[in-house]
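Work through the exercises below with the sequence and the model side by side. Try each task before you read its solution.

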Amino acid sequence: MHQFLILSFLLFGTSLASPLSGNDNEELKQLKEEMNEIKKQVDYVTHAFLTVHRARSFSTGSERLYTTNKQEGNFEKVSATCIQAGGHIPSPKKEGENKALGEVVKRHNKPAFIAKHLAEGYTNWAAGEPNNTDGTKDCAEIDNEGKWHAASCGQDHLVVCEFSFIP
Ligand SMILES: *[C@@H]1O[C@H](CO)[C@@H](O)[C@H](O)[C@H]1NC(C)=O
């Protein structure tokens with residue numbers, strides 16, 4: 001019994017003293033090398049992505065991308081189309097973003113929906129807007145000049161979606 005205890009203690013002690021066999025050490029080394037390689041590639045892709053993003057933002061003055069599939073639809077359809085594409089209904093939060101969105105609208109000469117419940121902060125309502133005195137204009141649209149108006153949700157508008165690459 002005594003001998004058995006001593007033997008198991010020795011064995012246990014040995015496994016503690018050298019938790020990794022030569023093979024394990026080799027695997028760990030390989031894993032580290034692979035991790036370093038992956039890290040390098042992630043850094044490279046991140047850098048490439050950010051460069052394209054900065055160049056695009058530089059030319060449009062907007063961090064967010066506004067783009068159309070040239071189709072038209074009511075608010076519900078535009079919203080569903082944008083979400084399916086991985087974007088959402090435009091919700092410009094700065095002048096630069098509003099301008100970028102306005103340019104898409106101007107280019108196609110058709111108004112586009114903007115988010116209904118815009119957060120406090122940046123707004124660009126036309127004079128007298130939002131005007132929903134007749135109760136039929138629960139949505140909002142942006143015109144060729146980048147001005148916002150109350151709009152009927154059932155009316156067809158240009159499908160323009162907002163894509164944010166960086167939260
Ligand atoms: C608001 O819209 C109604 C028509 O829906 C119009 O008669 C009225 O003049 C508008 N008010 C303003 C302040 O533009």
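This is a predicted model: local features need pLDDT of at least 70, side-chain atom pairs count only at pLDDT 80 or more; totals for chains, interfaces and linings use all residues.

**Exercise 1: The order of elements**

Find how many helices and strands the chain has, and in which pattern they follow each other. Solution: counting gives 4 helices and 5 strands, and reading along the sequence gives the pattern α-α-β-α-α-β-β-β-β.

**Exercise 2: Helix α4**

Compare the reach of α4 with its expected span, and then list its buried residues. Solution: begin with the length, since α4 (residues 95-108) has 14 residues and reaches 20 Å from its first C-alpha to its last, close to the 20 Å expected at 1.5 Å a residue, where the expected span is 1.5 Å times one less than the number of residues. Next, the buried residues of α4 are Glu 97, Asn 98, Ala 100, Leu 101, Gly 102, Val 104 and Val 105; a residue is buried if 20 or more other C-beta atoms, placed from the backbone, lie within 10 Å of its own, exposed if 12 or fewer, and partly exposed in between. Finally, α4 is followed by Asn 109, whose phi is positive, near 55 degrees.

**Exercise 3: Strand β3 and its partners**

Which strands pair with β3, and in which sense? Solution: on one hand, β2 and β3 run antiparallel and are joined by 3 bridges, with Ala 140 of β3 as the bridge partner of Ile 114; two strands pair if DSSP finds at least two bridges between them. On the other hand, β3 pairs with β4 (residues 148-151) in the antiparallel sense over 4 bridges, and here Trp 148 of β4 is the bridge partner of Ile 142. The strands β3 and β4 form a hairpin with 5 residues between them, and Gly 146 in the turn has a positive phi of about 85 degrees. Both faces of β3 are covered, with Cys 139 and Glu 141 buried on one side and Ala 140 and Ile 142 buried on the other.

Definitions and conventions
Residues are numbered from 1 along each chain as its sequence is written. Helices (H or I, at least four residues) and strands (E, at least two) are DSSP runs, numbered from the N terminus.
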